[in-house]
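Trainee: I would like to go through how some terms are applied to a protein model. Please show it.

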Amino acid sequence: METVELAYDVYECQDTHSDLLPIVVLHGMFWNKYMYRELGSKLCQKTKRKVYCLDLRNHGKSPFTEKFDIYVICDDVKRFLSEHGIKKATLITHSFSCTVSYLIAIQQFDCSETIFNFPEKFQVSNSVSLKYTCFQPEVVEKLVMVDSFPFNDFYEDLKGGFVPEVVAQNRVLNTLDPKMSLKEARMKLNKLADLGPKVKELFYKKLVHDLTKDDGKFKWKTNTDFLNKEILEENTLKLKKEGFSNHEILFVRCQDSYNITDSRFEEILKFCPNSRLITIEDTTHLLLLEKVDEFVNAVTDFLGPVCNSEDRI
């Protein structure tokens with residue numbers, strides 16, 4: 001399976017502990033590492049761990065490819081871990097990337113040029129075997145899943161045949177006068193961001209970062225139309241209810257979460273019994289960006305005292 005080299009930002013503080021296992025943060029659909037600058041910095045300062053924030057394929061500065069499904073995204077992250085010598089890490093994931101982290105947790109691989117034959121249910125191409133280099137087993141220390149869960153059937157939310165966020169972005173795009181310069185257009189979006197509330201501010205700031213102009217036309221750097229089409233393909237992000245993870249998992253949901261209801265969490269416990277659930281009030285799906293300090297404090301408490309070093313792997 002062809003993987004891509006993922007773009008990333010890394011956060012280290014003067015007092016970062018080199019013997020502590022790192023944190024790897026994965027964004028949700030249409031977002032990118034750029035939006036996680038404050039989160040990455042504060043996670044590092046609070047936990048004293050090195051923090052990596054990745055751009056997944058077809059997002060941010062990572063390569064674009066026509067191949068896009070939950071399994072290749074998973075393998076991209078595995079490649080990143082291997083290439084950066086990360087033998088074990090805590091994964092913090094938001095929205096659809098929660099499924100990515102779950103796959104990494106349940107599909108453990110031995111290292112040193114091992115050929116692994118996938119069970120039929122995990123095969124995603126004509127190839128029956130895949131090759132991984134230096135990927136240690138038990139690479140996951142703990143998991144933090146933000147307002148989603150491993151078996152989220154996004155297609156139930158998309159019965160209208162469109163992704164609401166793409167519609168919203170394109171509506172904004174249509175309001176931009178082609179006669180405006182790129183600088184002027186970004187200024188307009190920044191002014192809209194200043195009007196708030198927080199979730200609207202985050203949305204427009206993302207658009208400012210993603211906006212570009214080519215041949216006199218405004219467009220998004222991220223190919224949202226491609227992602228929209230792929231998301232609507234039922235097998236792209238879907239994972240059957242299978243596997244079992246005994247990792248410690250912290251589920252963090254927003255107030256009135258549609259994705260993680262009390263009854264749904266009871267179902268999650270059948271596959272992930274070592275899980276706990278907290279709610280951050282007065283937030284939306286973007287809670288980890290809306291209330292960064294409260295989220296970072298919750299993660300820090302979950303990780304526990306400074307005692308998880310690589311020497312214990």
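Mentor: What follows is a short talk about helix pairs and nonpolar cores. This is a predicted model, in which local features need pLDDT of at least 70 and side-chain atom pairs count only at pLDDT 80 or more, while totals for chains, interfaces and linings use all residues. Residues are numbered from 1 along each chain as its sequence is written, and side-chain values use heavy atoms, leaving out hydrogens and water.

Trainee: Why are α4 and α7 called roughly antiparallel?

Mentor: Helix α4 (residues 164-173) and helix α7 (residues 224-231) pack at about 160 degrees. Angles over 145 degrees count as roughly antiparallel, and α4 and α7 are therefore given that name.

Trainee: Which residues of α4 and α7 make the contact?

Mentor: Contact means heavy atoms within 4.5 Å. Val-166, Gln-169 and Asn-170 of α4 meet Thr-224, Asp-225 and Asn-228 of α7.

Trainee: What makes α5 roughly antiparallel to α6?

Mentor: The angle between helix α5 (residues 182-194) and helix α6 (residues 198-210) is about 170 degrees, and their axes are 8 Å apart. That angle makes α5 roughly antiparallel to α6.

Trainee: What makes a set of residues a nonpolar core?

Mentor: The members are buried Ala, Val, Leu, Ile, Met, Phe, Trp, Tyr and Cys residues joined through side-chain atoms within 4.5 Å; buried means under 20% relative accessible area (1.4 Å probe, protein chains only). The largest such core here has 77 residues, and Val-144 and Phe-295 are among those with the most contacts inside it. Helix α2 (residues 70-83) gives the largest share of this core, eight residues. Another core, of 14 residues, lies apart from it and includes Met-180 and Trp-220.

Note on methods:
Axes are lines fitted to C-alpha atoms, for helices over the stretch in contact, and angles run from 0 to 180 degrees between N-to-C directions. Helices (H or I, at least four residues) and strands (E, at least two) are DSSP runs, numbered from the N terminus. Angles under 35 degrees count as roughly parallel, over 145 as roughly antiparallel, 65 to 115 as roughly perpendicular and the rest as oblique. Buried means under 20% relative accessible area, exposed over 50%, partly exposed in between (1.4 Å probe, protein chains only).
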